[in-house]
Amino acid sequence: MIHCDLCRTSFSTHYSWQIHLELQQHKALAAERDKRQESADRSIYITGFARGTPGMMIAQYFLQFGTLFNNPIIERQKGVYAILEFEDKISVDRVLHYQNHYLGGRRLNVRPRHIKWRESQIKRENRKINKTGCETSYSDIVDLLLNQRDVALQMVLLADALRLTDADVKERENICNFFRSVFADFFVYSEVDVFGSSANGLGKRGCDLDLLLSLKKELDDTEVKSFADTSDVDALSVARDVVQRNYRKLTIEELVKLSPVDIINLVKKIVKKRGVMCSEIFSIPSKRCPIVRFFIKRDTKISVDLSVKNRLSLYNSKLVHLFMKSDERVLPLTYTIKYWIFRRELSLTQTNKLSSYSATLLVIFYLQNTNPPILPPVEKLRQSLTESRIQGGWECNFSDDLSKFPLTENEESLSGLLKGFFDYYNMFDFDGNAVCPCTGTTISKEKLKDEIPNFNDKFISVQDPFDLSHNTTGNIDDFLTAKIIQAFSDASNILENRNVYKQKISGKPWGLISLFDNIHEANEGLFPFEEKPDVKELETIVAVENPKPPDEDAHLANNVKIKMIIFNACDVEYFKSKIPIGNGETGADEPEWFRRVCKAVHSVFSVALQFSCTSEDHKPEGIGNKRRLEDQNERNNKRMRRADGMWSGQPSQSVSNDSWDDLLHQKSAEKSLSRFDRFVCHVYHRTWVGRKKAGNIVKQTVMSVLQCEETISKQIIGDSTRNKPLYSFLCKVGLKPLPEVDLTIIALSESPELKSNTLSFLQSYVPKVLKQLQSAKEIL
């Protein structure tokens, strides 16, 4: 029975199937499908922008990546998303490589566009692979690394946090054993082995499981060439019938008449038939290595790639595993480099990325070239062997006896090896030389092309240690190449700073976190197709047009501080639209809305958290000193003029010397009215401790957001009193040109609790409550 997924029709004979392919209806559907697929390949799917964002604003942002084919299609009824089509696929690749897309202060989620066609097969193949379950989040990594004593310990703990647990390894072994028993019922000889990251000791939690199905016992070159280029029609029909009815096992003589693609399709049917825990099963008929991909849902969701023509990868995995066990420094260094590649977004797509295997070979090659070397070249591992093992025409035998492994005299620390790795490849001549782990030395690309003419030479060339004609980085295009070279340079510069290796008592990022968090700054100006003005020239223009005012907080430069965005550009536009100008003109009076926002921020600290908030202007000592009183009076009048005159457009009234003393002694709320954008908080009670438990009781009653938070804080405080504050900090609300509203908190007291607990709490609590106030319309 032959089934046409496109037309949803079945045919009993091959002849009727051929007739169906010539029908006009099938050809029309096929042409329409190809047309939609070609359009989808040149399109991107965008979410994350505000509901009212104009289409031209989206188009103008993405013009930097390439020419647009048409205007963006925006949907706001079923969900806020946009579809943007370019004139070529190269522009789409550029967009997908760069993941830090921001529009209107919001981060955009950009992914390839997938067409929703009728046939189930294409729909399954176009589903986005969901790698959920046991992956370690970056926030957990930061919490783990921040309080360690040195970089070496950070690297060791990072490897422990990322690597597969014993339960994960056991679960993957059980999956492998399950499929061994399944395929034993269909083939005379079959063996299932694990390769890749799950076998070489570098498996990351949530990584794919790579399985190899071997259908011949002989471990020689004939196994790879045993399958036919095209399948025999009769043999294929018999094989399908055997798999469907399972009345006997397929022999090797029957399998050699089939092509690898047809064998993979048979394997897919077996997985569907016996894999009760498998879902989303589809085949990828690649000429080089066809695979069946599916998911297994047990304790976690694991993606499995099953191949029948990739035996050389078994020896690659065994070699990497040997190197990982040879020296205790190799494993944490490799995990650190792989996670750095992940944070620098160098391995985001399947077709164009710096693969995990290539990154591992770069680490191995570097350790082969340290002084003295830590790892030996692969050629040296073959010297004591007399036997030969050929796979795909290449020698893949090596000694895996660790007792005979050459010892190293290199005693460099892990942090020294990390810095040396980036320094080595920052100065490496990628243009003229290739990385060759087989010999452990660099080799000229001209010499390499003469010796191996079919070697896929690229700017970055990393030769496979067994298949010497294979460039493991041959899929990397020029765009990603420039990004990789820049990443090596940035990392080398970061680790050049000695302060990176010192633990910060203030809780600021250091060590590996400084290396991982440099992603946004490092990506600026990376794109060769995006012209940017000269920085010095731009700074000069800005300085002339907008002279920088003197820094009021120059004396607080060394104090601990945090900065957060509390309202983005879309929120600002909303505020402006809600505050009309007094003279009746359309638009918004920016000072008035900003004043209300500052007052809301002040209320979060003074009301919601019950902190004692005062103006930064305190009554000066020696009130009888006329000069100091006049200076203070003049500063206050300037602030009042700025608040009342410049903001609200009303003429300001000067404050006399007689009224100044009364003004200084008003209540806190009245006293700081002119400076809601800048105030000091004195913390008397820890109203963040036990807040969730108290909130579960209070939130059952109906009240406003601010009243609810105030009640929670008062319940936590209870009857306790304190005469002296625990510590104090300065709050500054600022309006950025983007425009965005940000909040800066600067510590005014030397307190470990303030640095470690309070500031981290405020960084998440304040924006959350302000968003709730905005949603409840309690700000305007």
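Analyst: V276 counts as exposed, at 79% relative accessibility. The classes are set by relative accessible area: buried means under 20%, exposed over 50%, and partly exposed in between, with a 1.4 Å probe and protein chains only. V276 is found in the loop between α11 (260-274) and β11 (278-284). Helices here are DSSP runs of H or I with at least four residues, strands are runs of E with at least two, and both are numbered from the N terminus. The C-alpha atoms of V276 and K297 are separated by 10.0 Å, and the two residues are 21 apart along the chain.

User: What kind of model is this, and how are its residues numbered?

Analyst: This is a predicted model, in which local features need pLDDT of at least 70 and side-chain atom pairs count only at pLDDT 80 or more, while totals for chains, interfaces and linings use all residues. Residues are numbered from 1 along each chain as its sequence is written, and side-chain values use heavy atoms, with hydrogens and water left out.

User: What is the mean pLDDT of the protein chain, and over which residues is pLDDT below 50?

Analyst: pLDDT is the predictor's confidence in each residue, on a scale from 0 to 100. For the protein chain the mean is 76, and 76% of the residues reach 70 or more. Residues 519-548 have pLDDT below 50, and this stretch has 30 contacts in the model beyond near neighbours in sequence. Residues 638-674 are also below 50, with 55 contacts counted in that way. A contact means heavy atoms within 4.5 Å.

User: How many helices and strands are there in the protein chain, and what share of its residues is buried?

Analyst: The protein chain has 28 helices and 22 strands. Of its 780 residues, 47% are buried. Among contacts with a separation of 6 or more, 69% join residues 24 or more positions apart.

User: At what angle do helix α7 and helix α13 pack?

Analyst: To find such an angle, axes are fitted as lines to C-alpha atoms, for helices over the stretch in contact, and angles between N-to-C directions run from 0 to 180 degrees. Angles under 35 degrees count as roughly parallel, over 145 as roughly antiparallel, 65 to 115 as roughly perpendicular, and the rest as oblique. Helix α7 (residues 151-162) and helix α13 (residues 330-343) pack at about 75°, with their axes 8 Å apart. The two helices are therefore roughly perpendicular to each other. On the α7 side the contact is made by M155, V156, L158, A159 and L162, and on the α13 side by P332, L333, Y335, T336 and Y339. These residues divide into nine nonpolar, one polar and no charged. In this grouping Ala, Val, Leu, Ile, Met, Phe, Trp, Tyr, Cys and Pro are nonpolar, Asp, Glu, Lys and Arg are charged, and the others, Gly among them, are polar.

User: Is S358 buried or exposed, and which residues does S358 touch?

Analyst: S358 lies in helix α14 (residues 356-368) and is buried, with a relative accessible area of 0%. Not counting residues up to four places away in sequence, S358 touches T472 and T473. S358 and V462 are 104 residues apart in sequence, yet 6.9 Å apart in space, C-alpha to C-alpha.

User: Which peptide bond is cis, and where is phi positive in a residue other than glycine?

Analyst: Most residues other than glycine have a negative phi, and most peptide bonds are trans. Here the bond from N371 to P372 is cis, with omega near -5°. P372 has its place in the loop between α14 and β14 (390-391). A positive phi, near 55°, is found at N246, in the loop between α9 (233-245) and α10 (252-255). Phi of Q610 is near 60°, and Q610 is in the loop between α22 (590-608) and β19 (612-615). N246 is partly exposed at 24% relative accessible area, and Q610 is partly exposed at 26%.

User: How many disulfides are counted?

Analyst: A disulfide is a covalent bond between the sulfur atoms of two cysteines. The rule applied asks for a pair of cysteine sulfur atoms within 2.5 Å, and the count comes to zero. As for cysteines in this chain, C176 is buried at 2% relative accessible area, and C396 is buried at 1%.
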